[in-house]
Structures are given as C-alpha cells and as structure tokens.
Amino acid sequence: MNNTKKTNNKKELESSEIMSKIKTNPFQSVGIKLFLYIMGGILACVITMGMLAYNQSKAIIERKVSESSQQTINQLGANLNNILKSYEELTLQIMIDNEFHKNTDTIIASGDEYSKFESTKLLTTKLQSFIFSNANITGMALIPLNNKLGVIAAGSSQVSKVESEAKEEWVQEVIDAQGKIVWLPSRQEAITHTNATPSFGIARVIKNPSSSVASYILVIDILTKDIQEQINNVSLGSESIITVVNSENEYMVNYDSSLIANSAPFQLDGSEANSTRVTLDNIGEVLLMHKKLEFADWSLTGQIPVKALVEDADVIGRLTLTVAIAAAIIAILISFVVILTISRPLVQLRNLMTEGAKGNLTVRSKNNNRKDEIGQLNKSFNSMMIQITALASQTKNSAEAVMVTAKTLTNASSKTAISAKEIAVATEEIANGSTSLAVEAERGNDLTIMINDQMKQVLTANLEMVQSAYEVESASGKGTAYMAELIEKTGMTEEMTREMVEKVDSLKDSTRSIVKILDVLNAVTKQTNILSLNATIEAARAGTAGRGFMVVANEIRGLADQSTQSIDVVAQITDRIQSEIVETVDVLSKAYPLFQEQINSVKEANSIFVSVQNQMNQLIIRLEDVTQSVNKLEASQIVLNDAMTNVSAVAEQSSATSEEVASLSSEQLSISDNLVTLSTELNEVSTKLKDALSQFKVE
C-alpha cells in the first residue's frame with residue numbers, strides 16, 4: 001500500500017512538471033506557431049518574387065546594354081578603320097609618286113654629290129608636306145636598305161634616332177613583308193624622334209613600280225591622340241573604358257597614357273566581334289566587348305562594370321525590402337487577431353483540462369456561443385466532463401462490489417489448491433510407467449528406420465548405375481555414328497585430293513604451253529625491232545621525204561621494246577607459277593599417304609566404339625536384374641517398418657496421455673495458486689481504486 005501511494009505521488013509530480021513546462025515554453029503555443037507560419041510564408045513569397053524580379057531585370061539590362069554597346073563598338077571600329085585606311089592610302093600615294101622615285105633613283109645611281117643633295121632636299125620637302133597636311137603625323141623618315149646611303153628624315157624626326165631604330169627587329173619584319181603594310185605598336189616615345197608623346201607607327205618597303213627594286217623603308221610616326229579623341233566622343237555608360245589592343249594583348253590606345261605598351265588584364269577569344277562577361281583584378285566583373293579592326297591586327301575593346309549596369313535594378317531590391325517590412329507588419333497584425341480568436345480560447349480550454357486532470361470534475365467551459373470549431377470543442381469538453389463524472393461514480397460503486405466478491409473467491413481458491421496437489425501426485429506415477437514403455441518402442445523403431453535408410457541408399461546407387469550405363473551406351477552409339485560419318489568425309493577428302501593432283505598436273509601442262517607462246521612472241525618482237533631498225537635506216541637515206549616514215553619506225557621500235565618488257569614480266573610470272581605448281585604437287589603427294597593412314601585409324605576407332613556399346617548392353621541387363629531384387633527387399637522392409645511404427649505410436653500415445661493428465665493436474669494446481677494470488681491482488685486493487693476515486697469531486 002505504501003509503495004502504491006509513492007508511485008501515485010511520483011506520477012502527480014511528473015504531471016505537474018509537464019504542465020509547468022507547457023505554461024513557461026512560449027514556442028509550444030499554437031498562437032506563436034501560427035504567427036511564425038504566417039509571417040514566414042508571407043515573407044518567403046515577397047522575398048522570392050522580389051529576388052526573381054531583381055535577377056530578371058539585371059539579366060535584361062545586361063543583355064540590352066551588351067547589345068547596344070557592341071553595336072557602338074562596331075560603329076566606332078568602322079570610324080577607326082577609316083582613319084587607319086587614310087594612313088595606308090598615304091603610303092600608297094608615296095609609293096606611286098613618280099617624282100619621289102625619280103629622286104630616290106638619283107640618290108642611288110648618281111655620282112654627283114650635288115645632285116644627291118638636291119634630290120635629298122626634294123624628298124625631305126615632299127615628306128614635310130605630308131606632315132603639314134596631317135596634324136597627327138609627328139615625323140616621317142626613309143631608312144635605306146643599302147648601308148652606304150643615309151637616312152632621310154622630315155618634321156621632328158632625328159637622324160640619329162632613326163639610325164638607332166634601324167637596328168631593331170621590326171626593320172627585318174618590314175623587309176620580310178615585301179612591300180606590305182606593317183603596323184608598329186604604340187610606345188611612350190616616338191620612333192623617329194625622342195619626344196615623349198604616345199604614338200604608333202606605320203612602315204613599308206618602297207619599291208620602284210617600273211623596276212620593282214626596293215630602296216628605302218618608309219616610316220611614319222602617328223600620334224594616338226586622334227584615335228583617343230574618336231574614342232572620347234563615344235561613351236558606353238558610367239565607368240566604362242574603351243581601349244585598343246594589338247595581337248599581343250598590349251594597349252595601343254588608352255585614356256591613361258602610362259598604360260600604353262603594357263599588357264591588358266583580359267584575354268580576347270580571337271573572334272571578329274563578341275561580348276563576354278569576365279572578372280578582372282581590382283575591378284571585379286565587367287562586360288567586355290571587342291571588334292577586330294580591318295587594316296591592322298588590332299582590336300577595339302570596351303569595358304563596362306557590371307555593378308554600374310545593375311544600379312537601376314537595385315531599386316527593385318530596395319522595393320523588395322520595403323514590401324517585406326510592410327508584409328511583416330501585416331503578418332504581425334494578422335497573427336494578433338489569430339491569437340485572440342484561436343490561441344486564447346485554446347489556452348483557457350487547456351487550463352480547464354488541467355483542473356480536470358487534478359481531480360476536479362466539476363469544471364465546465366463557458367465559451368459555448370461560438371459556431372466554429374472552437375465552440376464545438378468547448379461543447380465536446382463539457383460533454384466529456386459530464387460523462388467522466390458519471391463514469392467515476394459508477395466505478396466507485398463497482399469497486400465496493402468487487403471487494404466483497406474478491407474475499408469469497410479467495411476462500412474457494414484455497415480449497416481447490418489442496419485437491420489439485422493430491423491429484424497431481426497420483427497422475428505422475430502413471431506417467432512414469434508409460435514413459436518407460438515408449439522409450440523401448442522408440443528404440444526398436446529407430447533401428448527399423450536405419451535399415452530402411454540403408455536400403456534406400458542401395459536402391460538409389462543402383463538406379464544411378466543404370467542411368468550411367470544408359471548414358472554410356474547412348475554415347476557409344478553417337479560415337480559410332482560420328483566415326484561412320486568421319487570415315488565417309490575422309491574418303492571424300494581423299495577423292496578431292498586425287499582430283500586436285502590431276503588438275504595441278506593439267507595446269508602444269510598449260511603453263512608449258514604459255515612458255516612456248518611467249519618464246520614465239522619474243523621472236524616476233526625481235527623481228528619487229530630489226531624491221532624498225534631497217535625502216536629507220538631507209539628513212540635516213542630518203543632525207544627530208546622520209547621524216548614521217550622515220551617517226552613511224554621509231555614508234556614501232558618503242559612498241560617492240562614495250563612488248564619485250566611485257567613478255568619478260570609474263571615469263572617471270574609464268575616461271576613462278578610453274579615452280580609453285582611443282583611444289584604443290586609434291587605437298588599433295590606427301591599428304592596422300594597420310595590420308596590413307598587417317599582412314600585406317602578412324603576404322604579401328606569405329607570398331608572399338610561398337611565393342612564398347614555391346615558390353616554396355618550386357619551391363620544394363622544385369623543391373624536391371626539387381627534392381628528388381630532390391631525392390632522386393634525394400635517392400636519387405638516397409639512392412640516391418642510399419643509394424644514397429646504402430647507399436648511406438650501406441651506407447652507414445654499412452655505416455656502422452658499420462659503426461660497430459662499430469663500436466664493438467666499441475667496446471668490445475670498452478671491455477672489454484674494463481675486464483676489465490678489474484679484474489680489477494682483484486683482485493684488490493686479494489687482498495688486502491690476506491691482511494692483513487694475518492695479524490696474526484698463529482699458533486
């Protein structure tokens with residue numbers, strides 16, 4: 001009784017701890033959960049839609065800007081092509097100028113120093129006029145291909161500077177171009193003078209149109225300012241950069257002149273025009289456009305930072321954040337309404353159920369006016385409490401009746417237990433005798449079963465021997481059939497070999513006839529050759545009138561020579577065929593005796609297979625007789641086995657019956673003891689149930 005009270009007190013403490021945890025943990029509240037669900041769902045939808053719109057707008061802006069910027073780069077590239085074309089046309093104008101070539105010829109060929117001086121002066125004046133006509137040309141010079149001639153410079157060009165440049169590698173590159181234009185990369189210092197002005201050059205070998213003799217290399221220094229001005233007139237957007245790079249990926253034109261001739265931080269893909277997205281050091285992601293120029297191996301490039309492109313799209317991001325904040329406020333208001341209408345009534349109902357769990361069955365819910373699920377839940381709670389109250393009263397009355405019945409049952413169980421002990425002792429003695437009889441019968445049955453198993457093994461082995469004998473006999477029959485077929489095929493092979501020898505002999509005779517024909521053709525060729533030689537001699541005697549006949553004679557002699565060569569080749573082939581035929585005849589002659597020996601061996605093997613088959617037939621007959629004898633012995637053994645089985649079954653049945661009676665007696669004794677125990681426990685449970693129901697307040 002004391003242990004039962006301790007257990008009930010422990011359960012009450014655990015129940016009170018659980019209820020206190022429910023009250024103190026806010027995340028167990030339905031209202032808090034609904035608040036989190038509503039706010040999370042609304043924010044997730046708003047943020048997802050905002051991010052999708054933001055990313056889509058970024059992609060559209062980037063694509064549109066890329067297309068328009070690439071078109072702008074293409075148009076700017078066309079303008080730069082016109083500028084470069086004008087410089088190329090300038091070199092062509094000098095190349096086709098007759099007066100220019102007349103003066104260069106005078107410098108090269110004249111021995112008069114004054115004439116050379118006058119021609120040099122005229123060339124300098126002409127180059128100077130070209131410089132004056134274009135403000136972007138800072139210098140022009142002529143570098144002689146002959147080391148004995150001097151450099152001719154115009155404008156700001158310095159002879160000493162040009163002479164030092166004449167030793168650079170680019171001069172050999174211009175010579176190897178053989179008159180084609182060579183565009184020299186930009187540099188901080190000009191080619192023809194020492195002024196620190198960013199410029200690039202154009203050079204080509206000047207050839208005389210009439211003699212195609214190259215005498216000078218024309219070098220023109222051009223400021224990058226003109227191209228930079230063209231670039232400055234174009235804008236791709238905020239923070240965009242437009243530059244020109246050469247095939248070595250070095251800057252030719254850049255708004256920052258200090259970067260000219262330095263390597264660019266990007267690598268072009270080699271296409272004519274393209275727009276790609278790349279990541280550059282210290283800049284980040286940029287949209288890179290390029291257009292390859294036509295007249296020089298240069299590319300016009302444009303860079304637009306992706307960050308600058310998507311500045312307008314950031315408005316959508318900020319709008320998304322604003323809408324998310326507004327959605328959070330709306331979610332809070334909705335959640336407050338949900339807490340008042342759903343969570344608060346549920347909390348009240350939970351408190352009432354807690355009171356009911358403590359034993360107060362008189363509690364009732366007062367929120368029965370609502371028509372929704374909360375109102376239905378309150379009505380169901382009140383109905384449940386009414387039914388529990390009635391059930392508790394009924395259970396209390398039943399417990400008192402059970403206590404009276406338990407006492408009566410305890411007295412009857414004690415008397416039944418004493419009688420069951422006496423019956424169990426008598427039954428146990430009967431069971432011992434039946435068990436001894438069953439053991440002896442079981443031993444005889446085991447011996448009979450052992451003999452039966454051995455007979456089955458003998459029968460099984462005999463059947464396997466019969467089966468094996470049939471299989472060997474069948475295999476012998478197949479072997480005999482295969483050997484007969486092999487004898488027939490071997491005879492056919494012998495016949496085919498004999499026919500092959502005859503055909504090879506006939507072919508040998510045919511080759512002899514071909515040799516005779518070749519001898520006749522060889523003689524005819526020799527006669528044709530002699531006839532051609534005589535015709536040639538007669539044509540030579542005839543002089544001019546015999547030239548046509550001499551041509552015919554020469555052709556006949558040529559055909560005779562070709563016929564001789566062909567006959568020799570055919571004769572060699574015929575000799576090789578004849579020798580191979582002789583070798584074939586020898587091989588077939590040696591193989592024929594082997595075929596004879598093979599036929600004899602096959603016939604002997606066939607006779608062996610026939611003998612084996614006859615012996616296996618005799619063995620099968622004897623095995624069948626043994627099988628019949630074993631079957632008769634097995635039938636007798638089965639009858640004996642059945643008899644021993646019946647004796648064992650009777651003994652076992654008697655023993656089982658005695659054991660069953662003893663078991664039932666023991667079971668009855670055990671049941672009687674259990675009835676006594678159960679009666680005692682029923683009495684205790686009834687007392688506990690009465691004590692437990694006494695804590696419920698039903699009135």
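1. Let's start with the outward side of helix α6. Glu 169 and Asp 176 are exposed there, where exposed means over 50% relative accessible area, buried means under 20%, and partly exposed is in between (1.4 Å probe, protein chains only). Helices (H or I, at least four residues) and strands (E, at least two) are DSSP runs, numbered from the N terminus. Before going on, please keep in mind that this is a predicted model, in which local features need pLDDT of at least 70, side-chain atom pairs count only at pLDDT 80 or more, and totals for chains, interfaces and linings use all residues. Residues are numbered from 1 along each chain as its sequence is written, and side-chain values use heavy atoms, with hydrogens and water left out.

2. Helix α6 covers residues 169-176, and its buried residues are Trp 170, Val 171 and Val 174. Looking down the axis of α6, you would find these buried residues within an arc of 105°, so they line one face of the helix. That arc is taken from the directions that run from the helix axis to the C-beta atoms.

3. What lies over that face? The cover of the buried residues of α6 includes the helix α5 (159-165) and the strands β1 (137-144), β3 (182-187), β4 (199-207) and β5 (214-223).

4. Next, the aromatic rings. A pair of aromatic rings is described by the distance of the centres and the angle of the planes. Rings of Phe, Tyr and Trp (its six-membered ring) pair if their centres lie within 6.5 Å; planes under 30 degrees apart count as stacked, over 60 as edge-to-face and the rest as tilted. How many aromatic pairs does a search of the whole structure find? It finds three. One of them joins Trp 183 and Trp 298, edge-to-face, at 5.6 Å centre to centre with 65° between the planes. This pair links distant parts of the chain, since Trp 183 sits in strand β3 and Trp 298 in strand β10 (residues 298-305), 115 residues apart.

5. Trp 298 has another ring partner to look at. The ring centres of Phe 200 and Trp 298 are 5.2 Å apart and the planes stand at 90°, so this pair is edge-to-face. Phe 200 belongs to strand β4 and Trp 298 to strand β10, so the pair ties together parts that are 98 residues apart in sequence. Trp 183, Phe 200 and Trp 298 form one aromatic cluster. Are the tryptophans Trp 183 and Trp 298 buried or exposed? Both Trp 183 and Trp 298 are buried. Phe 200 is buried with a relative accessible area of 1%, and the value for Trp 298 is 4%.

6. Strand β10 also takes part in a sheet. Five strands form this open sheet in the order β7-β6-β10-β9-β8, with antiparallel pairing. Two strands pair if DSSP finds at least two bridges between them. At the edges are β7 and β8, each pairing on one side only. From one strand to the next, the twist averages 35°; axes here are lines fitted to C-alpha atoms, for helices over the stretch in contact, and angles run from 0 to 180 degrees between N-to-C directions.

7. Strand β6 (residues 241-246) is antiparallel to β10, with six bridges between them. Ile 241 faces Gln 303 of β10, and Val 244 has Leu 300 as its bridge partner in that strand. With β7, strand β6 pairs over two bridges, again antiparallel, and here Val 245 stands opposite Tyr 251. The hairpin of β6 and β7 has four residues between the strands, and Asn 249 in it takes a positive phi near 65°. Five of the six residues of β6 are buried, so this strand is largely enclosed by the rest of the structure.

8. Finally, have a look at Asn 254, found in the loop between β7 (251-253) and β8 (273-280). Asn 254 is buried, at 6% relative accessible area. The side chain of Asn 254 reaches the backbone nitrogen of Asp 256 at 2.9 Å. Leaving aside neighbours within four places in sequence, Asn 254 is in contact (heavy atoms within 4.5 Å) with Gln 228, Thr 243, Leu 259 and Ile 260.

Conventions:
Polar contact = N/O pair within 3.5 Å; in protein donor to acceptor, adjacent residues only side chain to side chain.
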